[in-house]
Amino acid sequence: MAAQIRLPYLATAALSGLLFGAGLYVSQMVDPLKVLRFLDFGAIPTGGWDPSLAFVIVPAIVVMFIAVRIGRRRQAPLFDTRFNEPEFHHIDAPLVGGAVLFGIGWGMSGICPGPAISLIAFWPPDLLVFLVALFVGSYAGALIIPSGRDKRLALAR
Amino acid sequence: MDSFAPIPALAGGVLIGLASALLWLGNGRIAGISGIFGQLLPPARTVIWRLVFLVALVLGTFAASWLLPGLGVGGPGGQPAQLAAPPPGWKIPAPLWIAVSGLLIGFGTKIGNGCTSGHGVCGIARLSKRSFVAVGVFFSVAILTVAITGIV
């Protein structure tokens, strides 16, 4: 754990957060209405569909894919002793049920957790309501499903 | 189509990819926002870097909106950001609609272990079977939800 309070580790977290936040603004995924216009597939025939989200997520995946390949050739990341790769591989009911509930919530508002946090920079009306609800929902979920690698692995045994 | 701009979308996607790559190769951590956010409460021993990341996320959004103004919403020259209103005719107060959405997203991403960033970017890039299933499900359900509610 000591590695996680050292300066290079925290500086990496800070730089990553800055780049992530900049990416959400530049791509305009910070705008919930734009995300909803992507999810509105009914608008494809009429030409009103906004394909932006696909143009954002594909290059992000490609860059991360290269990073994962580089990481697989190394024993450990630069500033910690190991990669925290999920070791839980089963397709289970919480995964699918959670994705269904997240999908309903996402389709209702066009806000996923990244843009929810980055929207603090612009503070639209009702954002506080959303953030409190997000936190309460997440906390409620943690009471039901153990989080963390060791507990998930124990459950799988 | 008036709002579709491929170059900022691609550039923003590369930035998000670089952010995820940096956190992975530097700290061995997955840049999944629901996970970073969802383990903020003690007794998590990793609260400090999570807070640092989330504060930087807000600052990065804010700084970019001043450096590159007018790309859409936010910052000087941008339109004010706003949340979606409930679908026309549903007669639900906006804060209630937003609260239900937030609860579902918080709960769903916690039990499903991830959101658009953790499963959608990092999980797909790791070729995780769980993430492929999660992404397929939450995108399909979100598209269905928009179609059924008629919110757009």
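This briefing describes the fold of chain B, its contacts with chain A, and selected local features of both chains. The model is a predicted one. Chain B has six helices and zero strands, and 105 of its residues are in contact with 110 residues of chain A. The largest nonpolar core comprises 94 residues, and those with the most contacts inside it come from chain A, namely M64(A) and F130(A), and from chain B, namely A19(B) and F138(B).

**Architecture of chain B**
- Read from the N terminus, the elements of chain B follow the order α-α-α-α-α-α.
- The C-alpha trace of chain B spans about 50 × 35 × 30 Å along its principal axes.
- Chain B has 152 residues, of which 57% count as buried.
- Among contacts in chain B between residues at least 6 apart in sequence, 35% join residues at least 24 apart.

**Domains of chain B**
- The domain assignment divides chain B into domain 1 (1–81) and domain 2 (83–152).
- The centres of these two domains of chain B, taken over C-alpha atoms, are separated by 18 Å.
- Contact between the domains of chain B involves nine residues of domain 1 and eight residues of domain 2.
- On the side of domain 1 of chain B that touches domain 2 of chain B, α1 and α2 of chain B each supply at least two residues, and α2(B) gives the most, with four residues.
- That side of domain 1 of chain B divides into four nonpolar, five polar and no charged residues.

**Interface between the chains**
- Where chain B and chain A meet, 105 residues of chain B are in contact with 110 residues of chain A.
- Helices α1, α2 (33–38), α3 (47–67), α4 (94–111), α5 (116–125) and α6 (129–149) of chain B each supply at least two residues of the side that touches chain A.
- Among these helices, α1(B) gives the most to that side of chain B, with 21 residues.
- The residues of the side of chain B that touches chain A divide into 67 nonpolar, 32 polar and six charged.

**The largest nonpolar core**
- In the core of 94 residues, M64(A), F130(A), A19(B) and F138(B) have the most contacts inside it.
- Helix α1 of chain B (residues 6–27) gives the most to this core, with 10 residues.
- Leaving aside its neighbours within four places in sequence, M64(A) is in contact with G17(B), S20(B), A21(B), V121(B), C122(B) and A125(B).

**Helix α6 of chain A**
- Helix α6 of chain A (residues 127–144) has 18 residues and should span 26 Å at 1.5 Å a residue; its end C-alpha atoms are 26 Å apart, which agrees.
- The buried residues in α6(A) are L127(A), F130(A), L131(A), A133(A), L134(A), G137(A), S138(A) and G141(A).

**Residues with positive phi**
- Most residues other than glycine have a negative phi.
- D126(A), although not a glycine, has a positive phi of about 75 degrees, and its place is in the loop between α5 and α6 of chain A.
- D126(A) counts as buried because it has 20 C-beta neighbours inside 10 Å.
- K91(B), also not a glycine, has a positive phi of about 50 degrees and lies in the loop between α3 and α4 of chain B.
- K91(B) is exposed, with 7 other C-beta atoms within 10 Å.

Key:
Residues are numbered from 1 along each chain as its sequence is written. Chains are lettered from A and ligands numbered from 1 in the order in which they are written. This is a predicted model: local features need pLDDT of at least 70, side-chain atom pairs count only at pLDDT 80 or more; totals for chains, interfaces and linings use all residues. A nonpolar core is a set of buried Ala, Val, Leu, Ile, Met, Phe, Trp, Tyr and Cys residues joined through C-beta atoms within 7 Å. A residue is buried if 20 or more other C-beta atoms lie within 10 Å of its own, exposed if 12 or fewer, and partly exposed in between; C-beta atoms are placed from the backbone. Two residues are in contact if their C-beta atoms, placed from the backbone, lie within 7 Å. Ala, Val, Leu, Ile, Met, Phe, Trp, Tyr, Cys and Pro count as nonpolar, Asp, Glu, Lys and Arg as charged, and the others, Gly among them, as polar. Domain bounds come from an automatic or database domain assignment. The expected span of a helix is 1.5 Å times one less than its number of residues.
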